[in-house]
Number of protein chains: 4
Amino acid sequence: MIERYALSPIKDIWTQEEQYRRWLEVELAVVQAKEDLGLILKGITETMRHKARIDVPHILEIEQEVDHDMIAFIKSATRDFGDEERYFHKGLTSSDIVDTALSLGMVRSAKWIIKELKKLIENVKEKAIEHRYTLTMGRTHGVHAEPTSFGLKLLTYVYELERNAKRLDHAFVNISHAKLSGAVGNYANIDPIIEERALRLLELTPCKISTQIVPRDIHCEFLNALALLGTGIERLATEIRHLQRTEVAEAQEPFKKGQRGSSAMPHKKNPILCERLCGMARILRGNAIVSYENVTLWHERDISHSSAERMILPDSIQIIYYMVVKSQALVKGLIVNSQKMRENFQASHNLVFSQNVLNKLIDAGMKREEAYTTIQSLALECYRQERDFRLALKETPAVAALLKEAEIDRLFETDLYLKNVDYIFKKFENDRP
Amino acid sequence: MIERYALSPIKDIWTQEEQYRRWLEVELAVVQAKEDLGLILKGITETMRHKARIDVPHILEIEQEVDHDMIAFIKSATRDFGDEERYFHKGLTSSDIVDTALSLGMVRSAKWIIKELKKLIENVKEKAIEHRYTLTMGRTHGVHAEPTSFGLKLLTYVYELERNAKRLDHAFVNISHAKLSGAVGNYANIDPIIEERALRLLELTPCKISTQIVPRDIHCEFLNALALLGTGIERLATEIRHLQRTEVAEAQEPFKKGQRGSSAMPHKKNPILCERLCGMARILRGNAIVSYENVTLWHERDISHSSAERMILPDSIQIIYYMVVKSQALVKGLIVNSQKMRENFQASHNLVFSQNVLNKLIDAGMKREEAYTTIQSLALECYRQERDFRLALKETPAVAALLKEAEIDRLFETDLYLKNVDYIFKKFENDRP
Amino acid sequence: MIERYALSPIKDIWTQEEQYRRWLEVELAVVQAKEDLGLILKGITETMRHKARIDVPHILEIEQEVDHDMIAFIKSATRDFGDEERYFHKGLTSSDIVDTALSLGMVRSAKWIIKELKKLIENVKEKAIEHRYTLTMGRTHGVHAEPTSFGLKLLTYVYELERNAKRLDHAFVNISHAKLSGAVGNYANIDPIIEERALRLLELTPCKISTQIVPRDIHCEFLNALALLGTGIERLATEIRHLQRTEVAEAQEPFKKGQRGSSAMPHKKNPILCERLCGMARILRGNAIVSYENVTLWHERDISHSSAERMILPDSIQIIYYMVVKSQALVKGLIVNSQKMRENFQASHNLVFSQNVLNKLIDAGMKREEAYTTIQSLALECYRQERDFRLALKETPAVAALLKEAEIDRLFETDLYLKNVDYIFKKFENDRP
Amino acid sequence: MIERYALSPIKDIWTQEEQYRRWLEVELAVVQAKEDLGLILKGITETMRHKARIDVPHILEIEQEVDHDMIAFIKSATRDFGDEERYFHKGLTSSDIVDTALSLGMVRSAKWIIKELKKLIENVKEKAIEHRYTLTMGRTHGVHAEPTSFGLKLLTYVYELERNAKRLDHAFVNISHAKLSGAVGNYANIDPIIEERALRLLELTPCKISTQIVPRDIHCEFLNALALLGTGIERLATEIRHLQRTEVAEAQEPFKKGQRGSSAMPHKKNPILCERLCGMARILRGNAIVSYENVTLWHERDISHSSAERMILPDSIQIIYYMVVKSQALVKGLIVNSQKMRENFQASHNLVFSQNVLNKLIDAGMKREEAYTTIQSLALECYRQERDFRLALKETPAVAALLKEAEIDRLFETDLYLKNVDYIFKKFENDRP
């Protein structure tokens, strides 16, 4: 992970030193469990805790020689141990430690992510409520469709983020699983009650069954949940990028005092945070793919997932954390130009009301097909000639024959588009992210 | 989807005709809802149901002209309609129909997939129970590690399939959502109570909010759930492919009477079904990626997801169905050679017991480090000289000084590796896939 | 491949019948080669050619029984053969036929794709030349940057398409390779001179070495070349989608007479072809990923690539063909509104000239840092107050102290942005796509 | 990039400091070009070179304030400048510098990668030549097929690596392109002759046309070339992993003196390097996907590619370098057990000669169909009964009626499988990687 995008407290979880600390934590939990169960003398864990050392350069030095990181870690961590050394890592296989510690790291990270995600959901919801009745153009295919509320637009992100929060919750349950079941998962040299007690100390759950390792579909689900959350943020960021276009100018990401948009063009304000978030979402997706390939390991495990996970797990976790945290400020500081929203809406010659007219003409007795072609040709003509659609309608005999002027005018009122806003907002009122 | 891998009843859900039938089903549910709510006269729905026609070539012909599939469908389906035509598709936007019908198609497919998946889980579990005590070599890195039970090996697949079933359940809840909320999702021309009633008739749930369409993270989650399930099946298929290697020969996929393995080499029996399943899992993953890119649409929707979904959704659904169904027969008919499992195990000079010896020597007072290097050098020598590790141990003074012959012999008994089999199996007893 | 996007002549290459025809073509080329080399009697090939039958239902029926498509094909194709049957498929392994025929299919498809791609490049170039001096706003981050020529904008697509054409040429050389080297690629039962002669008859090149099959990195390169070409077309389609936004309205994809934009909103003209192309590009990328996973087969081959390739190869080939062909009409019929381009440019208060002013102030002696902050604050103020930047400059004492009014006016002339247009166009003059 | 897999000299190219140094290098090349062209006074470049400072913490500090890395760099690098400051970055846009410097970084890295790749190709070729006549089992579907030479097996990797080297060469030409064409690529504030001269000083080629940036399909092609090379190495690593399986035991990756295979099981020797390489290939593929999404930027550029590229480019480059360099030692030190290869071959009851028998029986007048079923049933019976296929043939009346004992014996000689080895090797003799 590059420094630029690494934020505390997540980045501190994934330093090499902290990873070794988690290894030690797991080793000691096992010893503690044995102590609790009366399998070894009381006090051994405490002794170990005092004597154990985490000395990263020393570990790496030994690894150079033995080419095995766990063996290097054990040798280094226990170098001040006395006879208690025999109880350290006893009956365990490397993966018992590595994978359980990995679950710890993921769980602790996920808690932060979930916590910040809830804040983000609140931020978007607050902004949505603020703009509950802000009229804005709804666009499909990039083209004006029908007016809507800017608050509703934002509420779609609340809804999506809530779904992503649930996916993360689901993944969380799975990544809280770990294993202390030995070399091929059959507890040949460790009793299941030790696993159960030690993992409980770590607030983790034993896998119902494992191979040498925790099954990798669990990590894959987690990375997919992060990627889908990141993609949801990308959707939000893309919306803002669209709204910040010079021609649209309806919203703008916060621009810091002193910030510069371009080294060459001093007039520019660019949605660079939003663009950055979009790029990051791509990485999350790329890493999710990698994690799929990590699932199909050979027999009771091969270690091909390891080199990939050393990179993709800490990276994806740190990237999503960055994205969620930065999105909070983005949403809170979002500059909304409701005046411009109204202007853009008015610039399209009232054409966006065409569906109302269509429905009204059908109600008034015109055949759907005839009504459609009548309106379509009129609308396209208005567009070409920059002519007001309402006026044009009134001057069209086939329409005037069926609808009075007042009826036509009624079709061009915007309250129609906001009339169900409260209904929709109410659905979100009792949500608890 | 190519004919070769398309199985009924799923393939019948995804014919073009059936898709148009679902469109009609949704249109009629809306009319029915209005009727139920007293908004239109009783009996209109029934009249429509009788007069409506699904004539695929006719629809396609009209589409050539109007370049819009929904408009072509409406024109064709209602061509025999009388005045009731005015109530058809009224207040709806194309996507109300298309997306709701898509949810129907997904939901109906998912039910079949889930049903067959439960059978598959049962199949694997039965095979696992059958081989509960079948001793087999546990392998890590492709190299003999420690013995285990073949039943346990299979149970890891039960566990993974169960997780994938849960993911599918989770995705199912989301794909059961649909929308009838109009052009930009604000119910401008349709009342929410119509949506609610119509969707209830279709056994679907309204989205709390939508844009013009159902949010695409829902489809992405579904395709990812299928891809992860497919990847789980790939893991199983890969295991069997490994076990069917000539040198290993511990298991074999069923070989039909009359089947031929190779056009050139009449002696061959190849795990072609397993290989086919592996290839299919790749497609599922590729399609999942595509679905990620479909999430970030512009504003209230752009239609870029559509061309992709026309292919990936029916394809992934049909592929996973094929995979699940074919895996059932694969597992049920799996030929297990437990005799060969034992032989392979014995061929490695008793080296696989080295961890037992390591732990015992530590218990007997040797330092971990000394014990490790003693055993490692002895083990590698035995491997090189094809010499029995148990005998070698007895002849090693440093070992003999600490352990009696009987104690050494005890370390080479295999019951150690099966002693917790029942404990693990018990965890699965009360499962209800 | 779904019918909707399948175009002749490519779709005819990938029918099941045509694939079997290619198998026969390869089989007969081998027999012909043996005949040419005097290894078998003259006339046998001709006899076979007359008696051979391609009867798809019959082949599939036999395959049901033998579970091997090549054996089924041989049985069916040769059912009318007499004694010459012994020379058919002699010394060959299935993959000799299947893979060589696959190369034939790819090569023939690639020729069509390349041919149509050249036309597309010409189409874009012509449009670029037409708009060589059409002034348009250059945008970065979606925000007005500096003016440029619309022809230059289009020329970037010519350049990218040319690169993609070269990649396709490079891939073409590789997919023109095939193999007739037997079960594990060592020519145990076939002489290399037969391979050489037979492949020459088919206008293919022998692999320098093969396993049982043609190496799969070749197919992967091809699918990546298609995906990158598709992505290039997506970039073009995305540009048009942006330009067709209601607020921008600078360009529009062709809208057929009789076409309808929306079932609910008769006024709409949507860039649906461009959106469709974007969705298709995603599929191409998804398939490229799949092809990566097909490279790493086991030993002399496993068949896991086969189920995937049956889908991704014909699909990607047909999709890219559709994309290229449809893009031709898109570009040729592209509606360009140069009037609107000029209006959009003028709407930004002359701010886009800020770089010129920056450089001029530096030339006139102001420090870069001071010049930058002076202009930035003035520009942002103009933007806020919708005030003309040129006028504001003249009224700024620090600027007026250094620059005369005429000098300032000179900075706001647009010919600056077009002065190197000819220089750039000249670079493309001698290109021959 | 994590320290663990970062090797010099590549990692030194991608430090933050070195990246800023390249920015400076590009800035100075532009000034030098202007000097050479007589546009500014002689000596300015030299003055700048002496006064310019690269002080990373200082740059980052300024960036905190201005939120723009290029502006921060300019401010910091030029802080000791006098009046010459006005000529620094003059007429340039940030991307002129950033993208040109990125090309420099890629080109310099690619040179190292290509150089080491050539060595690797030589290493594999040498090993192939060493084992030119080493008889080994050819396997398809993981099942014994027909014997072949281990040298041939290795030669397929030479062939694939050569193709990957060519792809890298092709990508190299493209990444050698850069641009100094200003904010939207139209040379509004810089003359093309300056670009040409400055890039020549840097040994780079000007893009024929650019937007604000170098087109991203170029970077995508490069990352795909790296991914395909990595996938080729994965294929090699996977082969070795298969061969190192306990039951196969035909080859083994080098095992360092002092190395430990498992913390629990002292007897183990695992192919961990090969597994690591497989995991790394996944990352390269994941990053290639990301780079596809970076191609379609908006208009004259958006910056969404940037956050992603800051990670994927240095990561992929460093990973492939690690893979290539480590593969050299892997291949050179590969332990090949030709004795075991022969044993494995003999263990399959001579069944692997079945194709020879099939062809011979056809030659002797039996119908293909009859010959096939005769041999297949005999072969499967031999397999079941662990009976020698040669003996069984002699005792089969239908066979004995057509073939003499000596003729049968001739079919079981292995020289048949090696007879074309020299032919194939000769094709590689004149290669020059």
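This is a short tour of a predicted model, stop by stop.

Residues are numbered from 1 along each chain as its sequence is written, while chains are lettered from A and ligands numbered from 1 in the order in which they are written. In this predicted model, local features need pLDDT of at least 70 and side-chain atom pairs count only at pLDDT 80 or more, but totals for chains, interfaces and linings use all residues.

**Stop 1: a hairpin in chain A**

Select residues 135-140 of chain A, which form strand 1. Helices (H or I, at least four residues) and strands (E, at least two) are DSSP runs, numbered from the N terminus. Five of the six residues of strand 1 are buried; a residue is buried if 20 or more other C-beta atoms lie within 10 Å of its own, exposed if 12 or fewer, and partly exposed in between, with C-beta atoms placed from the backbone.

Two strands pair if DSSP finds at least two bridges between them. A:Leu135 has A:Ser149 as its bridge partner. Two residues lie between the strands of this hairpin, and A:His141 takes a positive phi near 60 degrees.

**Stop 2: helix 7 of chain A**

Select residues 150-175 of chain A.

**Stop 3: where chain B touches chain A**

Show both chains: 70 residues of chain B are in contact with 71 residues of chain A. Contact means that the C-beta atoms of two residues, placed from the backbone, lie within 7 Å. Helix 9 of chain B gives the most to the chain B side, with 13 residues.

**Stop 4: chain C**

Chain C has 45 residues in contact with 45 residues of chain B. On the chain C side, helix 10 gives the most, with 13 residues.

Next, select C:Ser306 in helix 11 (residues 304-332) of chain C. Is C:Ser306 buried or partly exposed? C:Ser306 is partly exposed, because 18 other C-beta atoms lie within 10 Å.

Finish at C:Ile320. Leaving aside neighbours within four places in sequence, C:Ile320 is in contact with C:Ile113, C:Leu226, C:Leu229, C:Gly230 and C:Leu284.

Methods. Expected span 1.5 Å × (residues − 1).
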